[in-house]
Amino acid sequence: MTALLRIDDVSVHFPIRKGLLQKQVGEVRAVEGVTLSLQRGEAFGLVGESGCGKTTLARTVLRLVDPTLGAIWFDGTNISDLRGKALAPYRKQVAAIFQDPFSSLNPRMTSGQILSEVLHVHAFDGSIPDRVSELLSLCGLAPRFADLYPHEMSGGQRQRVGIARALALDPELIVCDEAVSALDVSIQAQIINLLEELRVKFGLTYLFIGHDLSVVRHLCDRLAVMYLGRIMETGTSDEIFSSPRHPYTQALIDAVPAPDPDGEDAREHVNLAGEIPSPLDPPSGCVFHTRCPIAFSKCATDVPPLQRLGGHHAASCFAIDQNKKTTDPKIRNAKSQ
Amino acid sequence: MSDVTLDPAPPVDAPQVKRKNRFKSVFARDRKAQFGLVILAIFILGALLAPFLAPYDPNEMTLNMMSSPSGDNLLGTDDLGRDLFSRILWGTQISLFVGVATVTLALVFGVLLGVLAGYYGGWIDMVIMRYIDLQWAFPNFIIAVYLVAVFGTGLLNVIVAIALAFLDDFARIARSMVLTLKEEQYIDAARVQGFSDLRIMLRHILPNAMAPIIVQATVSVSYAILGEASLSFLGLGVRADTPTWGLILSDGRSFISRAWWLGVFPGLAIMLVVLSINFIGDALRDALDVRETDI
């Protein structure tokens, strides 16, 4: 079975220009040599702290940003250099759900207008008003919502309209860029359940961008951890959460507080020192070595390759073998409490 | 995939929303705006009905020169014995027409340039904005005077000259609005859905950018009326036999010490219309600006 979406060694660099002649004085390396593939019907998570390039990668997949290097293959077609009309078939098959339900809907259009516009532009055959009601009810909204403007709805209702818009053309792939991060926790749960329900019903494939590990774990079959534009570790949710092998993944998972306060107090924490370095001037070698608790001299000079660890699991770290026994039981303990 | 039978979860019902007409509620509250509407309505009616309302031919010279306001000549007569009331009434047509036509022209082309510059950026932005900067370096009125001096006087030339002079304001406002709105996620959403640039600009950016542009338009209408008056005052306006407010004022200035009405009444007409339009503009800004607050 071929992958639905294959991100093939993609890098995205943004030039920084200065002065009258717009001379390039540097570049932001937002995404650096990322390779991923999504199977049809799976939910793939992309996690990392803010500024790690996960949103840029999502925007590249959506062709809002052009990749500097590499290619993106969708269903056997390289879509990374298609433009204008040639991109239209791809646009029909790929949809997006955005982070902020306040800014992702045009404030001057009712939800009915927002939904019928997509259908109209792509020459939907059938009754557009019927399809609009169908989409709204799929997302748990009464047909009467079609007459409401975004500011007349709550955040959760707006996000449902955003999801209905994404479903309008029966897409194959939906890119969810922090789709639940801006919502209240109770609403988050509803939206996550809705997303899961829709995935099963329509066999959708999700590329889910998030920073909330528990959400990603719940929703995604596989995930990749990004740091400073690179993939640190990838694998199934179980592999990553039960035996994280990269020190960055371990620190990320460790940062999720345990629900039980006694367990939380008893836990030892891996604290990362400092801030994420600037993508303007990324560290040499392994980009994580400046903050890594187990870094050694080689880490500052050589870039660790992504090493297979069996199954889907892979991590890019020189110290994977040493790192296995030290952290595994502790994370397990913290989680089992 | 679409033939899956749908089994929707019990839908949440939509809240009942009472939509107030923002224009109605703002204009019902704002006394100044009401004043503006009434005054402007009177002037528009006067302009439309000038042929019926004017007691005399505005260009008919009589021997009854420089007579002060009286029952016969409501606002007095000028140095050639022409009835001032009739002249001002006829002048309203030209002045209001110049104001509205000028601003419409400036708005359409200015917004077009600004939206193109803001949306596409790069060299298109560079070329358009350097032209706008160039124009900005000169006072609007000097540009209008220059254009009329080059292309000659006459109604059309005056309108085009003032419109060109005002174009840069609209271009700048439109561009800055587009730059802000371009970052909104609904524009990303529109691009992801494969909408054309034209559709995104017309349906998604422009409607959200209109509030400050409309406010600028109302301010500009008053400046355009003043601009036409100033050009006429300098003898660069519409033809000499067409009574416009500026021309009446200009003709009367030499006699202002002996005939106060020649300065006061055309000046008052200009002031009232400009003031009314500004009041209406303020109210429009209130009605258009806050779109999120009337929940």
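## Contacts and overall form

In chain A, 65% of the contacts with a separation of 6 or more come from residues 24 or more positions apart. Two residues count as being in contact if their C-beta atoms, placed from the backbone, lie within 7 Å. Please keep in mind that this is a predicted model, in which local features need pLDDT of at least 70 and side-chain atom pairs count only at pLDDT 80 or more, while totals for chains, interfaces and linings use all residues. Residues are numbered from 1 along each chain as its sequence is written, and chains are lettered from A and ligands numbered from 1 in the order in which they are written.

Chain A contains eleven helices and twelve strands; helices (H or I, at least four residues) and strands (E, at least two) are DSSP runs, numbered from the N terminus. Its radius of gyration is 21 Å, close to the 20 Å that the globule rule gives for 337 residues, so chain A is as compact as a globular protein of that length. Here the radius of gyration is taken over C-alpha atoms, and the globule rule is 2.2 Å times the number of residues to the power 0.38. The C-alpha trace of chain A spans about 65 × 60 × 45 Å along its principal axes. Of the 337 residues in chain A, 45% are buried. A residue is buried if 20 or more other C-beta atoms lie within 10 Å of its own, exposed if 12 or fewer, and partly exposed in between, again with C-beta atoms placed from the backbone.

## An open antiparallel sheet

Four strands of chain A make an open sheet with antiparallel pairing, in the order β2-β1-β4-β5. The edges are held by β2 (23-38) and β5 (77-78) of chain A, each with a single partner strand, so one side of each is left without a neighbour in the sheet. Two strands pair if DSSP finds at least two bridges between them.

Strand β1 (residues 5-18) of chain A runs antiparallel to β2(A), and eleven bridges join the two. Within this pairing, A:Arg17 has A:Gln24 in β2(A) as its bridge partner.

## An enclosed strand

Is strand β3 (residues 43-47) of chain A enclosed or open? Five of its five residues are buried, so β3(A) is largely enclosed by the rest of the structure. One side carries A:Ala43, A:Gly45 and A:Val47 and the other A:Phe44 and A:Leu46, and all are buried.

β3(A) has parallel partners. Five bridges join β3(A) to strand β8 (residues 205-210) of chain A, where A:Tyr206 is the bridge partner of A:Ala43. Four bridges link β3(A) in the parallel sense to strand β9 (residues 222-227) of chain A, and there A:Leu46 stands opposite A:Ala224.

## Helix α3 and its neighbours

Helix α3 (residues 111-121) of chain A is mostly covered, with eight of its eleven residues buried. Among them are A:Ile114, A:Leu115, A:Val118 and A:Leu119. The buried residues of α3(A) pack against α4 (128-138) and α5 (155-167) of chain A.

A:Ala164 is found in helix α5 of chain A and is buried, with 26 other C-beta atoms within 10 Å. Leaving aside neighbours within four places in sequence, A:Ala164 is in contact with A:Leu115, A:Leu135, A:Leu136, A:Leu138 and A:Cys139.

## The largest nonpolar core

How many residues does the largest nonpolar core have? It has 167, and those with the most contacts inside it are A:Ala96, A:Ala164, A:Ile174, A:Val175, A:Leu207 and A:Phe208. Helix α4 (residues 84-120) of chain B gives the most to this core, with 17 residues. A nonpolar core is a set of buried Ala, Val, Leu, Ile, Met, Phe, Trp, Tyr and Cys residues joined through C-beta atoms within 7 Å.

Not counting residues up to four places away in sequence, A:Ala96 touches residues of chains A and B, including A:Ile174, A:Val175, B:Ala189 and B:Val192.

## Two residues with positive phi

Most residues other than glycine have a negative phi. A:Ala123, in the loop between α3 and α4 of chain A, has a positive phi near 50°. A:Ala123 is exposed, with 6 other C-beta atoms within 10 Å.

A:Leu228 lies in the loop between β9 and β10 (230-236) of chain A, and its phi is positive as well, near 50°. A:Leu228 counts as buried, with 25 C-beta neighbours inside 10 Å.
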